[in-house]
Amino acid sequence: MKISIIGTGYVGLVTGSCFAELGNKVICADNDAAKIKGLKKGIIPIYEPGLKELVIKNTRKKRLKFSASISEAVRSSDIIFIAVGTPSSDTGEADLTGIENVARNIALNMNSYKLIVEKSTVPVETGLWVKRTISTYIRKKVRFDVVSNPEFLREGSAIADFMHPDRVVIGAESKLARDLMLELYKPLKSHVVVTDIKSAELIKHASNSFLAAKISFINAIARICDKVGADITEVAYGMGLDKRIGPGFLNAGIGYGGSCFPKDLDAFIHISEKIGYDFKLLKNVREINSQQQQLLLHKLKEHLWILKDKFIGVLGVSFKPDTDDIRNAPSIDIVNYLEKEGAHIRLYDPSAMPKAKKLLKKVHFCQDAYSAARGSDCLLILTEWDEFKSLDLTKIRGLLRRPLIVDGRNMFKPQDMQKKGFTYVSIGRPVVLGR
Ligand code: UGA
């Protein structure tokens, strides 16, 4: 099929490359000419495992093209995915200016039937507005359909998530639109949910909010564990074996971050309020999440007392492993707070340091975890990169000024750390004291 993807951000680029890999002719278009110029040369603006290879392969096979002309992309394709950003405005409301602009641009360039697909995460009823916008600006008498097809890609495993989804959601109003979408996704042999547009839009917001609620729930239980000396990993394991609960998204830690959950929760709370429902549950989810960073800082202070002029080695700055994304990463607020208190930060992250350098000007960036530990009063773990699991902990202990590890991601077993001589502080698990 002839497809164009408007917006070459994270979602657009992954979606476009994967559809090309499935044998479609894809144009990824963006009005950021510099980005398009880079992509044509194989320069990928984000770090996502496997994406570069996919882009290069499909560009060579002439199935994937990049264009700075949205009009051209619209004119030469039958299915148009809207994958532009929907950032939070000051009030938490999703800013849909980008979506409206693209809808207008599509309308002005419609030369034949087009299927317009909402891929970006949007509040319920956006599809309705996209349809109205296109009807207002359309010049030629051609038919079109709007469908909602939310993405469920996780950063770090986005390609696998695209190719092997738990489900594909299609919100469509006409038979033609539904059939075209089913044909497009046929090669994935996935479970497909076909529904109306509004329900599809809601499935996305509700899913992200539910996952965020699971994280805040387990973080709240971790608080209880801290108070009574129980172990949150044991509790989560025991809960997760119940098929109705499931083991996923029950890792306690410093809270969720990234470009999706915080923004989507804000937007969902906002749209709920707008249509007359006060979504108190989600407000609590958000509040618990923001308390997790304070909790970690409190734990740190309990062991370091005064932070001024202490050296703190920090491992991990990305909002989760396998990505260089630091948007809404809890680590950024934590580091900023520590610096405000007068601590000196030595930070190492396997891939997010170039981005972090632009934001954290006073931090000393290290070439590896060992340099971050050298001479530090504490090692603070903020992202659970696999690389950290295989660190030589005996060496780390020798490098630290005092054998203190504060782990915001529960990466190690407390008993193992005690055997290695560390005072080890984690979330919702008993503190073990080093020798
Ligand atoms: C999330 C969803 O998982 C995707 O399905 C969705 O498509 C995407 O948002 C989106 O809306 O675009 P993502 O933000 O890439 O994907 O990352 P997740 O793997 O969901 O993690 C989000 C945050 O939750 C991270 O900060 C992570 O550290 C935290 N988390 C996750 C926990 O604190 N505990 C857990 O048990 C799981």
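**Figure 1. Asp309 is partly exposed, with a relative accessibility of 44%.** Buried means under 20% relative accessible area, exposed over 50% and partly exposed in between (1.4 Å probe, protein chains only). The structure shown is a predicted model, in which local features need pLDDT of at least 70 and side-chain atom pairs count only at pLDDT 80 or more, while totals for chains, interfaces and linings use all residues. Residues are numbered from 1 along each chain as its sequence is written, and side-chain values use heavy atoms, with hydrogens and water left out. Asp309 lies in the loop between H12 and E9; helices (H or I, at least four residues) and strands (E, at least two) are DSSP runs numbered from the N terminus. Although Asp309 is not a glycine, its phi is positive, at about 65°. Trp305 is placed in the loop between helix H12 (280–304) and strand E9 (311–315). The phi of Trp305, a residue other than glycine, is positive and near 65°. Trp305 counts as exposed because its relative accessibility is 70%.

**Figure 2. The second largest pocket has a volume of about 800 Å³.** Of the 38 residues that line this pocket, Ala83, Val84, Gly85, Thr86 and Arg327 are the closest to its centre. A pocket is an open set of points on a 1 Å grid where a 1.4 Å probe fits, with protein on both sides within 12 Å along at least five of seven lines, and lining residues have an atom within 4 Å of a point. At least two residues of the lining come from each of helix H1 (10–21), helix H5 (97–108) and helix H11 (261–274). The lining of the second largest pocket comprises 14 nonpolar, 15 polar and nine charged residues, with Gly counted as polar.

**Figure 3. Ile312, Leu338, Leu347 and Leu380 touch the most other members of the largest nonpolar core, which has 64 residues.** The most residues given to this core, five, come from H12. A second, separate core has 38 residues, among them Leu54, Val147, Met163 and Val168. Such a core is a set of buried Ala, Val, Leu, Ile, Met, Phe, Trp, Tyr and Cys residues joined through side-chain atoms within 4.5 Å. Neighbours within four places in sequence set aside, Leu347 is in contact (heavy atoms within 4.5 Å) with Val314, Val317, Val335, Met353, Leu360, Val363, His364, Phe365 and Cys366.

**Figure 4. Salt bridges join Asp145 to Arg143 and Asp179 to Lys175.** The count of salt bridges comes to 26, each a side-chain nitrogen of Lys or Arg within 4 Å of a carboxyl oxygen of Asp or Glu. For Asp145 and Arg143 the N to O distance is 3.9 Å. Asp145 is buried, with a relative accessible area of 10%, whereas Arg143 is exposed at 52% relative accessibility. The side chains of Asp179 and Lys175 meet at 2.6 Å, N to O. Because Asp179 and Lys175 are four residues apart in helix H8 (residues 175–185), about one helical turn separates them. Asp179 is partly exposed at 30% relative accessibility, and Lys175 is exposed, with a relative accessible area of 57%.

**Figure 5. Arg409 and Glu384 meet in a salt bridge of 3.6 Å, N to O.** This pair links distant parts of the chain, 25 residues apart: Arg409 is in the loop between strand E13 (404–407) and helix H18 (414–419), and Glu384 in the loop between strand E12 (378–381) and helix H16 (386–389). Arg409 is buried at 16% relative accessibility, while Glu384 is partly exposed, with a relative accessible area of 27%.

**Figure 6. A network of salt bridges links Glu273, Asp278, Lys280 and Lys283.** Side chains of opposite charge can pair when their charged atoms come close.

How values were computed:
Points joined across faces, edges and corners; volume = space filled by probe spheres on them.
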